[in-house]
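Here is a short report to read alongside the model. Please keep the viewer open as you go.

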Amino acid sequence: MNIHDKMAGIVPERLNLKSKFKFQCHNQIKCFTKCCRGISITLTPYDIIRLKNSLKLTSHEFLALYTTPQVLEKTDLPIVTLRAGDDELKSCPFVTDKGCIVYNDRPTTCRYYPLGVASLMYKEGVDEDGFYFFVNESHCLGFEESKEWTVETWRKDQGVDIHDQLNAGWTDLIVYKRSFPPNLKFTEKTKQLFFMASYNIDKFREFVFESTFLDRYAVNSETVDKIKNDEIALSEFGIKWLKSILFKSKDADSFQVNEESALNVNNTDN
Ligand code: SF4
Ligand code: SF4
């Protein structure tokens, strides 16, 4: 499952929601679990929340045990990928001969497979029908099966809608940063804040509730209650906060930045 390598230097066949294809994956197929070897899977904030809860780990433990930090090209932003095992096949840590042990909470990339989503890389020209492509790995025999899908029915079947909805704000941050001139760099501290609010939700919770955060920012009590008890809401709040501090966005409507005391993270490493 190596979408990034597949994308290098090639223009993918562009699919939209109505595009049709034949495909089926099942545990009797000869290639069963081959797509879970040689992995290169970028994890989104929502992927990490689902996976760490599935494994009953804190986000910090999950990141330490199962991910590799990377830098996303053209953005200089930190991302994390699922860490492949050190076996010869570079297997996903969650694959067994019987399949995926975190199947119900598998990452967005795994749900879309054998489709890839180009919106992160090619946001330009992406309309409401999206921009999808076939990953087309030669070992995948699912295309020889007769069950017919559209991209839309595949998305529904694989439950990606909720993932896309919750990943949208974070994806926008990355696309927005990509549109900046390459010489506009964030400080190391800013990148650490991006990492924490994006991926380490338990640390971000501590940051919000056990620091001066709630003194520095005027967050209404309804929002405070919500983010205290709902980590998805906390994650969305974190993305809005990042948008506010990284890009000075004023449309983060669920909390108000107290301009006078806000952290000036864009301009200092102190
Ligand atoms: S998370 Fe599951 S579906 Fe995704 S690569 Fe790993 S084993 Fe395969
Ligand atoms: S058909 Fe494709 S997606 Fe299904 S197990 Fe085989 S390689 Fe993986």
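Which residues are closest to ligand 2? In this predicted model, 13 residues surround ligand 2, and the closest are Cys-25, Cys-31, Cys-35, Cys-140 and Gly-142. A residue counts as near a molecule if its C-beta atom, placed from the backbone, lies within 6 Å of it.

Now to the core. The largest nonpolar core has 49 residues, and those touching the most other members include Ile-48, Tyr-132 and Phe-204. Such a core is a set of buried Ala, Val, Leu, Ile, Met, Phe, Trp, Tyr and Cys residues joined through C-beta atoms within 7 Å, where buried means 20 or more other C-beta atoms within 10 Å of a residue's own, all placed from the backbone. Domain 1 (3–167) and domain 2 (186–270) both contribute residues, so the core lies between them; these bounds come from an automatic or database domain assignment. Across the chain, 27% of the 270 residues are buried.

Residues are numbered from 1 along each chain as its sequence is written, with chains lettered from A and ligands numbered from 1 in the order in which they are written. In this predicted model, local features need pLDDT of at least 70 and side-chain atom pairs count only at pLDDT 80 or more, while totals for chains, interfaces and linings use all residues.

Technical notes. A residue is buried if 20 or more other C-beta atoms lie within 10 Å of its own, exposed if 12 or fewer, and partly exposed in between; C-beta atoms are placed from the backbone.
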